Amino acid sequence: MKPLETATFTNSFVDELAGDPSRENVPRQVPGYHYSPVAPTPVANPQLLQWSAEMGAELGLERPPEQGAAVELLAGNRVADSMRPYAARYGGHQFGNWAGQLGDGRAISLGELPGQDGRRWEVQLKGAGPTPYSRRADGRAVLRSSVREFLCSEAMHHLGVPTTRALSLVSTGDEVLRDMFYDGNARPEPGAIVARVAPSFVRFGNFQILLAHQETDNLRALADYVIRQHFPELGAPDSPEVYVAWLTEIARRTAEMVAHWQTVGFVHGVLNTDNMSILGLTIDYGPYGWLEPYEPGWTPNTTDFTNYRYAFGQQPQVCLWNLTQLAQALTPLVPDPELLRPALNQYVATFNRSHHVRLLAKLGLTASTDEAADKLLVGSLLPAMEGAQVDMTLFYRHLSHLVPRLLADESAEGLATELLSAVSYAAPEAAGAAPLRAWLEEYAARLRQEPGTPEAIRAGMLAVNPKYVLRNYLAQQAIEAAEAGNLAPLHTLHEVLKRPFDEQPEHETLAARRPAWAATKPGSATLSCSS
Ligand code: AMP
Ligand code: MG
């Protein structure tokens, strides 16, 4: 383990792709290039607020002191000799409409560091100041959104969901003006910078912008770079078949990612094509949220309240739509575009399979000979959960604990009342709960066909049904405390969410049903893209 300031960075993206020759750091179009070299803009008084020891260990880095050389690097006040910082050029569809050039408007990549297995991780500062892609915005990020990105990306990692990571959270000492709900109420907020980490931050939109500008040579160069660096198992990209195999693998990874989201209750909130990772990682934590009452139509993002395009239940469809845009962007590399279609079918097949297998595991069921009956049982649970207004996380967790009693032939009716009392936001005897009560009877019958012992089934379920997720109001409470100078709730949440499947009796309150006040509170129940 060594101090960050002694680390040597490599810069494959900059070395291997086309860089903008202009150094003019003003908003502009950058046709013809993959990225613009740009240095972070220094901040007033950087201080380390949070550090991910796990990500640090992966990179062989010591936890730095609150201030000093490492924090200067993590705030963009200093650029190491080995770094070649850049902002990437990308475009994207926002809410279904082509938006043209977007690009890293406030994220600046510093370079890459090797992980424990020698593979490289890119380190990127989010909120590091303006770039040629900042459009009308300031290149900065506020503390609340930075806390949210830090906590959630690390929590997702510990849940086993593919995601970009966070290394550090630094306060800048500068204020940033934000209109949180775009309603004319702008106010100064504390600024912050997250150093986030991923093997690559390339998005679907990096390819789309090259199609839009018919930059086919750049398109091929970027595809070949990504395949070489991140999909070496596909071999040299010397034929259209390799691009097809590559898209198929992206589709498979994306499907696995969304299947994870759907079974932990994560709502991304802004699934624009520029927020889709080419590696199938959850990326760009903005107005995301966690389902509390199970409600497929829910999104926390007020910017999406007209169409609910990115609501929880829409995510699998929307990711397919996004993949279709990526396939479109790759058509110049494949003479017969029909060759790309099977990759999209692969997405549908992978999602359906992975989602079903994950739901079975959450219910402690192993695949049976009667798959159709299992699909019906699992399929009828989701609307039943919605009708009964159960808290998604608590429902699966409590159900896990009930299994031995269900198998000991305790009355399913009595257990249903007990379960609903513990996990529903409605009265246990509410009419909407009837389908869930009926479901529990069927489930008990199906459980009896399982070969495992009741205890083994329960243990298996507890290993896949988290007790702790980043509930929307808990994140907001940690933010409000941090804004007032109290970092304790943030540190506690970060620690607890590293062991989401463990019982942590001293933190029972962090696994409680959402309190009534939080159901409508701005920042908890509602968020926007303003960050
Ligand atoms: P997002 O909605 O966060 O995915 O961002 C969409 C686009 O807006 C991306 O190109 C971002 O880099 C850019 N963007 C968002 N916030 C800012 C900001 N404060 N300053 C500059 N660019 C921004
Ligand atoms: Mg984005």
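Trainee: Are Asp284 and Arg203 buried or exposed?

Mentor: Both Asp284 and Arg203 are buried. Buried means under 20% relative accessible area, exposed means over 50%, and partly exposed lies in between, with a 1.4 Å probe and protein chains only. Before we go on, this is a predicted model, where local features need pLDDT of at least 70 and side-chain atom pairs count only at pLDDT 80 or more, while totals for chains, interfaces and linings use all residues. Residues are numbered from 1 along each chain as its sequence is written, chains are lettered from A and ligands numbered from 1 in the order in which they are written, and side-chain values use heavy atoms, with hydrogens and water left out.

Trainee: What do Asp284 and Arg203 form?

Mentor: First the general idea: side chains of opposite charge can pair when their charged atoms come close. The rule for a salt bridge asks for a side-chain nitrogen of Lys or Arg within 4 Å of a carboxyl oxygen of Asp or Glu. Here Asp284 and Arg203 form a salt bridge, with their closest N and O atoms 3.0 Å apart. Asp284 sits in the loop between β10 (266-267) and β11 (289-290), and Arg203 in the loop between β9 and α5 (204-212), so the pair ties together parts that are 81 residues apart in sequence. Those element names follow DSSP runs: helices are H or I with at least four residues, strands are E with at least two, and both are numbered from the N terminus.

Trainee: How many salt bridges does a search of the whole structure find?

Mentor: The search finds 35. One of them joins Glu189 and Arg144, whose side chains meet at 2.8 Å, N to O. Glu189 lies in strand β9 and Arg144 in helix α4, so this pair ties together parts that are 45 residues apart in sequence. Glu189 counts as buried because its relative accessibility is 0%, and Arg144 is buried too, at 8%.

Trainee: Which residues is Arg144 in contact with, leaving aside its neighbours within four places in sequence?

Mentor: Contact means heavy atoms within 4.5 Å. On that basis Arg144 touches Arg178, Met180, Glu189, Ile479, Glu483, Ser530 and Ser531.

Trainee: What about Asp374 and Arg446?

Mentor: Asp374 forms a salt bridge with Arg446, and the closest N and O atoms are 2.8 Å apart. This pair links distant parts of the chain, with Asp374 in helix α10 (residues 371-387) and Arg446 in helix α13 (residues 434-447), 72 residues apart. Asp374 and Arg446 are both buried. Salt bridges can also share partners: Lys126, Glu149, Arg196, Arg203 and Asp284 are joined into one network in that way.

Trainee: Now to the bigger parts. Which domains does the chain have?

Mentor: Domain bounds come from an automatic or database domain assignment. For this chain it gives domain 1 (4-199), domain 2 (205-360), domain 3 (366-462) and domain 4 (472-519). Let us take domain 1 and domain 4, whose centres, taken over C-alpha atoms, are 25 Å apart.

Trainee: How many residues of each are in contact, and what area is buried between them?

Mentor: In domain 1, 19 residues are in contact with 12 residues of domain 4. Buried area is the accessible area (1.4 Å probe) that two parts lose on being put together, summed over both. Between these two domains it is about 1400 Å², and carbon and sulfur atoms give 71% of that. On the domain 1 side, Gln50, Leu151 and His158 lose the most area to domain 4, together 35% of what that side buries.

Trainee: How many salt bridges does the rule find across this interface?

Mentor: The rule finds one across the interface of domain 1 and domain 4. The side chains of Lys498 and Glu54 also meet in a salt bridge, at 3.1 Å, N to O. The elements that give two or more residues to the side of domain 1 that touches domain 4 are β2 (47-51), α4 (143-159) and β9 (187-198). Helix α4 gives the largest share, 10 residues.
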